[in-house]
Amino acid sequence: MANSADNSSPSIDLRCDHCGRPHGQMLRCLPDGRWLSPDNGWIDANGDQASWPDVVDYARLRHSRAVVGLYRQSAAARMAAEDHHRLCRRCHFVTGREKHRRVARLRALTRFALGDLFDGTYAV
C-alpha cells in the first residue's frame, strides 16, 4: 500500500526554495544553471526568467531529474527543527560549497594522518 503523504507521491508539489525546480521531473538543464520549465520557459539559477540559449549553449544541454530534499543550512539551524530548506541537489551543493570543501579537506588530511601513523610519511 502506497503512502500518499510521502515525498515520492506525484500529487505533492515539492519545489526547490532557491531555484523553483519541481521534484521528480526530468528537466533540460544548461551548465550555467538555466533550466527549461514546462510552463514558464527558461529559468535561471535563482528562479527568475532567463533568456533563451543560443545554439552553442543549447549544444551543451543535458537532461536531469530534479530531486528536492530537506537540508539544514548551518549548525545553529540544527537546534531549530523548523529551519529546514527544500533544495534541489544543485542548489544544495552550490549554497553549501564552502562547507563541503572544508569537510572534503578534513577527510583528506585525516587519511594522510592515518597513513603517516601506520605507514610512515608520504613522499609527496
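Trainee: Why does arginine 101 count as exposed?

Mentor: Its relative accessibility is 52%, and exposed means over 50%, so arginine 101 counts as exposed. Keep in mind that this is a predicted model.

Trainee: And why is glutamate 98 called partly exposed?

Mentor: Glutamate 98 has 49% relative accessibility.

Trainee: What makes the contact of glutamate 98 and arginine 101 a salt bridge?

Mentor: Their side chains meet at 3.6 Å, N to O. The cut-off is within 4 Å, so the pair qualifies. Both residues lie in helix H3, three residues apart, about one turn of the helix.

Trainee: How many salt bridges are there by this rule?

Mentor: The count comes to three. One of them joins aspartate 32 and arginine 34 at 2.9 Å, N to O.

Trainee: How accessible is arginine 34, buried or exposed?

Mentor: Its relative accessible area is 10%. Buried means under 20%, so arginine 34 is buried.

Trainee: Which residue forms a salt bridge with arginine 34, with the closest N and O atoms 3.2 Å apart?

Mentor: That residue is aspartate 57. Aspartate 57 lies in helix H1 (residues 55-58) and arginine 34 in the loop between strand E1 (26-29) and E2, so the pair ties together parts that are 23 residues apart in sequence.

Trainee: How do you know that cysteine 29 is in no disulfide?

Mentor: The nearest cysteine sulfur, that of cysteine 88, is 8.6 Å away. A disulfide needs sulfur atoms within 2.5 Å, so cysteine 29 has no partner.

Trainee: What about cysteine 88, whose nearest cysteine sulfur belongs to cysteine 91?

Mentor: That sulfur is 3.5 Å away, so by the 2.5 Å cut-off cysteine 88 is in no disulfide either. By this rule the count comes to zero disulfides.

Trainee: What makes E2 and E3 a pair of strands?

Mentor: They share three bridges in the antiparallel sense. At least two are needed, so E2 and E3 pair. Leucine 36 stands opposite tryptophan 42 in E3.

Trainee: In what order do the four strands form the open sheet?

Mentor: The order is E3-E2-E1-E4, with antiparallel pairing. Strand E3 (41-43) and strand E4 (62-65) are the edge strands, as each pairs on one side only.

Conventions
Residues numbered from 1 in each chain as written. Predicted model: local features only at pLDDT ≥ 70, side-chain atom pairs only at ≥ 80, totals over all residues. Heavy atoms only, no water. Helix = DSSP H or I, 4+ residues; strand = E, 2+ residues; numbered from the N terminus. Buried < 20%, exposed > 50% of the residue type's maximum accessible area, 1.4 Å probe, protein only.
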